Amino acid sequence: MSDFFEKLKKEEPYTEYTLDMFSKSAGKEASEVGQFNNWRNMVSDADKYTFEVPHLGAQKPEISIKRENGDRYDLISFSSYNYLGYSYHPDVIQAGKDALDKYGLGATGSPLLNGTFEVHKELEQSIVDFYGLDGYGATLFSSGYGVSLGVISAFIHKNDHVICDRSSHACIFDGAILSQGKISLFKHNDAEHLEKVIQRIDHKNSRILVCCEGVYSTDGDYGNLKDIVTVAKKYGAAVLVDEAHSLLLAGKNGKGVCEHYDVIEDVDMIVATFSKSFGGVGGCLYAKKELTNYMNYYARSRMFSCALDPAVTGGLVKAVELAGSEDGDIKRKRIIENSDYLRSLLQDKVDIGTSTTWIVPIIYGDERLTLPVSDYLQKEGIDISLMTFPAVSKNRSRIRAFVTSEHTKEQLDKGAEVILKAAKKYNFLKDS
Amino acid sequence: MKHTPSEDLLVWEFDFALTTFFEVETSQIEKYIPKQLSPMEVSPGLGLINVTGFNFPAGGLGHLPEFQELICSIIVSPDLSRGVPKFAMHVISLASTSQEHLDHSAEYYKLPIHGLLTDAKIDRDKVAIDYSDNDGQILQMSNCSPKLDYRNDERYFQAYTMDGDDLTIANCYIESPLFEHQVVGNAGSLNVHPFLKNIDFDVEPTPYLQMISPPGQKGRQFYYRPEKF
């Protein structure tokens, strides 16, 4: 294998760099910008630039893309979070068109002032109805990222504490930074370690917010919500759960991992994004009505952003309706079957980590392989998501297959076949 | 890269190197970072301290007999106008079993000298070190990966130091097989000690990354004379 990497270094020198190397530079000149562009040009020159590749149609299981050099590829997609296929569901599209006709293209105003339309109120109510609890509300944000950013920074102030699972998404960390609270981390899903972290701070006199996720997209595993909530409540800490990859999917009725562990009413804030299983864009906070009322004013990422665009909002109302109906039940059953099937094709042959959900990582290890593997997979017929160092540990870089309810058995077979072919070529089969 | 010997380049030959990057709250290290630099963080509020133990055989540095070195630095923003290093470090402490080495390092590299090590044990089989000085044990540090997979390469680093009020920077290249890993495990213990600026690490400090050279196999360090930043 060392000969392989020697050759790779000589022929494709961009593989020697990782993105953290360009994240900052000392000095008056912004040298990181020039160096990053040098690297990007090296990747482009080698025709290995697989980031931000334009898709030529909707996020269906079969897509077409156009690479930088103009080449078109028809692929099976495992890279979209369109878990239930709602982004192109005909009823969702029609609802979006109806809202577009009625309200126009943009909301053109802050939701608190002049950007709220009736369709926004319909979406808030449909989310509240989906959960079915009295005294709760939903407040909408124009991006999923903006939900945690706004909510955490409005709830936590200087000298308060935010304690995050180490594997938390950037929106949680960025919300914590913006809050100016003190940030601590606990080991991924480790409630015992969380307790040690809480015990180290003045928990009797401090406001504490514990942040975690329903499903973690790095490993495709469930958050250990039952134990984490128990520990947090023991010390009077509030809990925020990000259900970005789990709302409409996990739990008997699709109410997320909080439903699965029966902790919905023990969790203080559930945040969700509409850009995954809902098939749109934006996000929401679901919490007690008093809290959502407060966030409408004090979550700055909401207050100072334009409201969700009406067409998407109209489509989202329909998506929530479908997810709460028999359609949702059928698709939830199917996505689990599809995920189990793909895992069954891969787990004995490649390292899929601790995945138990619709996110199936395939660990190829060495970060130098990232772009060559991605390029190879596209040229062999599948599009798949990358995750490399420093987002994951050294030698644990991975591709991630996002399985949807809409994949067919044939598409899953083809996906596994191509992945295993890549594993053989790049030496990440289990027995190699 | 070709390195041409000159008075601005010293070549160091070592036969043991164990480096661990430990996570540490940024608030504990900020005061040691020059104002021109900023800490590299692995998560918000979580920076990195780098501790390296070296063994230099006789002749590894000029005429000096065999000696051991312990160096501690904070991982900081690199100067990318000079190239793209694997990382940049701001050195905060240097200790050694050789006074002559310390004197030379202060004069040539402007490194911040902590003092002599009174005890420096290296266990090549376990890839472990145990270093002490007159204030007691500084640290124990060991490889925490079950397997070692060395990669033969040259790696580029940058090293900052203070020369009076001036910040300096030096290019440094390690030419040696190295194994880099991020296996989570017990990488040793760091005591609250003046060498480590009395930083209070966890009882079990969290290693972020380890870099290990094959014990007994010679590697070279091309360490250029620092220039004013």
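Reply: A crossing is left-handed if the near helix is turned anticlockwise from the far one by less than a right angle, and right-handed if clockwise. This is a predicted model, in which local features need pLDDT of at least 70 and side-chain atom pairs pLDDT 80 or more, while totals for chains, interfaces and linings use all residues. Residues are numbered from 1 along each chain as written, chains are lettered from A and ligands numbered from 1 in the order written, and side-chain values use heavy atoms without hydrogens or water.

In chain A, helix 7 (residues 191-200) packs against helix 8 (residues 225-234) at an angle of about 20°, their axes lying 9 Å apart (axes are fitted to C-alpha atoms over the stretch in contact, with angles from 0 to 180 degrees between N-to-C directions; helices are DSSP runs of H or I with at least four residues, strands of E with at least two). Helix 7 and helix 8 of chain A are therefore roughly parallel (under 35 degrees; over 145 is roughly antiparallel, 65 to 115 roughly perpendicular, the rest oblique). The crossing of helix 7 and helix 8 of chain A is right-handed. From helix 7 of chain A, Ala191(A), Leu194(A), Glu195(A) and Ile198(A) meet Asp227(A), Ile228(A), Val231(A), Ala232(A) and Lys234(A) of helix 8 (contact being heavy atoms within 4.5 Å). The residues of this contact comprise 6 nonpolar, no polar and 3 charged (Ala, Val, Leu, Ile, Met, Phe, Trp, Tyr, Cys and Pro are nonpolar; Asp, Glu, Lys and Arg charged; the others, Gly among them, polar).

A second pair in chain A is formed by helix 4 (residues 118-131) and helix 12 (residues 310-323), whose axes come within 9 Å and cross at roughly 20°. Helix 4 of chain A is therefore roughly parallel to helix 12 of chain A. The crossing of helix 4 and helix 12 of chain A is left-handed. On the side of helix 4 of chain A, the contact involves Val119(A), His120(A), Glu122(A), Leu123(A), Ser126(A), Ile127(A) and Phe130(A). Their partners in helix 12 of chain A are Pro310(A), Thr313(A), Gly314(A), Leu316(A), Val317(A), Val320(A) and Ala323(A). The contact of helix 4 with helix 12 of chain A divides into 9 nonpolar, 4 polar and 1 charged.

Some loop residues of chain A complete the picture. Asp47(A), in the loop between helix 2 (31-45) and strand 1 (62-66) of chain A, has a positive phi of about 55° although it is not a glycine. Asp47(A) is partly exposed, at 22% relative accessible area. Glu52(A), likewise placed between helix 2 and strand 1 of chain A, has a positive phi near 45° and is exposed, at 62%. Between strand 13 (382-387) and strand 14 (397-402) of chain A lies Pro390(A), joined to Phe389(A) by a cis peptide bond with omega of about 10°.

Definitions and conventions
Buried < 20%, exposed > 50% of the residue type's maximum accessible area, 1.4 Å probe, protein only.
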